[in-house]
Amino acid sequence: MPVRKDTLFEQYLAPIARLFIDEKEMKRLHDSIDWKAGCDRLTDPNLSYPSYYKDQNFHGIEGGYLTIGAATSYDPITQYALPPNETWVRQAAIDAIQGVPSRILDLGCGTGSTTLMLKQAFPTAEVIGLDLSPYMLTIADYKAKQANLDIQWRHGKAESTNFAEGSFDLVTASLLFHETPTQISKRILQECFRLLRTGGEVLILDGSQKTLRQTEWLTQIFEEPYIQDFANDSIEAWMGAAGFEAVQSHDFWLIHQITHGVKPLPHTESENFSDVEQSAWAIA
Ligand SMILES: C[S@@+](CC[C@H](N)C(=O)[O-])C[C@H]1O[C@@H](n2cnc3c(N)ncnc32)[C@H](O)[C@@H]1O
């Protein structure tokens, strides 16, 4: 895994992080996976990687998520990025789900940490995790098999998934939007809207945009190319623009943000009339 030595992360944080990371466990995980078989099975050969993804270093790692090293180090590092406790944070997001979904899609599922918890929360649901990195999907698949959970994994782009319109009850994305350019985040929410049936729910877990706006120094240390634009925008506004209603957002432990919305019934012609148009129509 080539790592840039000049990043703030590599100079200051990585040495501290290494003190807390169980490197033996990371090596054990690395050695217990057949990477070639996993990646061959989970790679869509027709997929072309968007440049905003493949040409960027995430967390100071060259090649971003398209390396074995990024995939094996993801869980050991992420446990410290979601204080006070990774499982509590992910569970708090899952607790915001209002219905009992029978078909769930987790976009940018990474190593599947939220995806596995969704399957545990809704054991009878068909659960699918989608990601652009076959390395992350290989770990996700390994974790699901270890936990005896039946989850499907798809190699694909969250902004154009190729799944049928109206075919999901719940679409989720955890920790995805701070890593995608704003235009892509908006397109992903449009895709969520297309994928959901009427009354279906969208659920986003990410960093608190309000808190991130006040901690620019933090965003620079973590080497996230799009996080500053993410911080200066609003997931609620993006959801509203995509057509979602009942959009609600709350912070969890100050630094995490959970945002939920519902796909409404299609608006009828008369509902789209303005008051003036409606009274003119009534008089006529
Ligand atoms: C920070 S990780 C989050 C992983 C996981 N959801 C979690 O909560 O730990 C971001 C993930 O999104 C994936 N990703 C980034 N852009 C994507 C896109 N446009 N479509 C699908 N996956 C994407 C990356 O490969 C990576 O696995």
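I count two residues as in contact if their C-beta atoms, placed from the backbone, lie within 7 Å. The model I am reading is predicted.

**Tyr 49**

I started with Tyr 49 and looked up its contacts. Leaving out residues up to four places away in sequence, I found that Tyr 49 touches Lys 54 and Leu 132. I placed Tyr 49 in the loop between α3 (35-42) and α4 (51-54). For Leu 132, I noted a separation from Tyr 49 of 83 residues in sequence and 7.5 Å in space, C-alpha to C-alpha. I then asked why Tyr 49 is classed as partly exposed. Tyr 49 has 14 other C-beta atoms within 10 Å, and the partly exposed class lies between 12 or fewer for exposed and 20 or more for buried.

**Whole chain**

I took the overall figures next. The chain has 284 residues, of which 36% count as buried. Its secondary structure comes to 15 helices and 7 strands. Among contacts with a separation of 6 or more, I find that 72% join residues 24 or more positions apart.

**Core**

I looked up the largest nonpolar core, which holds 51 residues. The members that touch the most other members are Leu 105, Leu 107, Met 136, Val 171, Cys 192 and Val 202. Helix α8 (residues 134-146) supplies the largest share of this core, with 6 residues. I checked Cys 192 by itself: outside four places in sequence, Cys 192 touches Val 171 and Val 202.

**Helix α13**

I listed the buried residues of helix α13 (residues 235-242) as Ile 235, Trp 238, Met 239 and Ala 242. They lie on the same side of α13, because they cover an arc of only 100° around the axis. The general rule I keep for this is that an α-helix has 3.6 residues a turn, so residues three or four places apart point the same way. For what covers the buried residues of α13, I noted several elements, including α9 (182-195), β5 (196-207) and β6 (245-252). Just after α13, I read a positive phi of about 115° at Gly 243.

**Ligand shell**

I counted 21 residues around the ligand, and the closest are Tyr 65, Gly 108, Gly 110, Ala 158 and Ser 174. By class, I have 9 nonpolar, 8 polar and 4 charged residues in this shell.

**Confidence**

I left pLDDT for the end. The chain averages 88, and 85% of the residues score at least 70. Over residues 275-284 I read pLDDT below 50, and 2 contacts beyond near neighbours in sequence.

Methods: Residues are numbered from 1 along each chain as its sequence is written. This is a predicted model: local features need pLDDT of at least 70, side-chain atom pairs count only at pLDDT 80 or more; totals for chains, interfaces and linings use all residues. A nonpolar core is a set of buried Ala, Val, Leu, Ile, Met, Phe, Trp, Tyr and Cys residues joined through C-beta atoms within 7 Å. Helices (H or I, at least four residues) and strands (E, at least two) are DSSP runs, numbered from the N terminus. The arc is that of the directions from the helix axis to the C-beta atoms. pLDDT is the predictor's confidence in each residue, from 0 to 100. A residue is near a molecule or strand if its C-beta atom, placed from the backbone, lies within 6 Å of it. Ala, Val, Leu, Ile, Met, Phe, Trp, Tyr, Cys and Pro count as nonpolar, Asp, Glu, Lys and Arg as charged, and the others, Gly among them, as polar.
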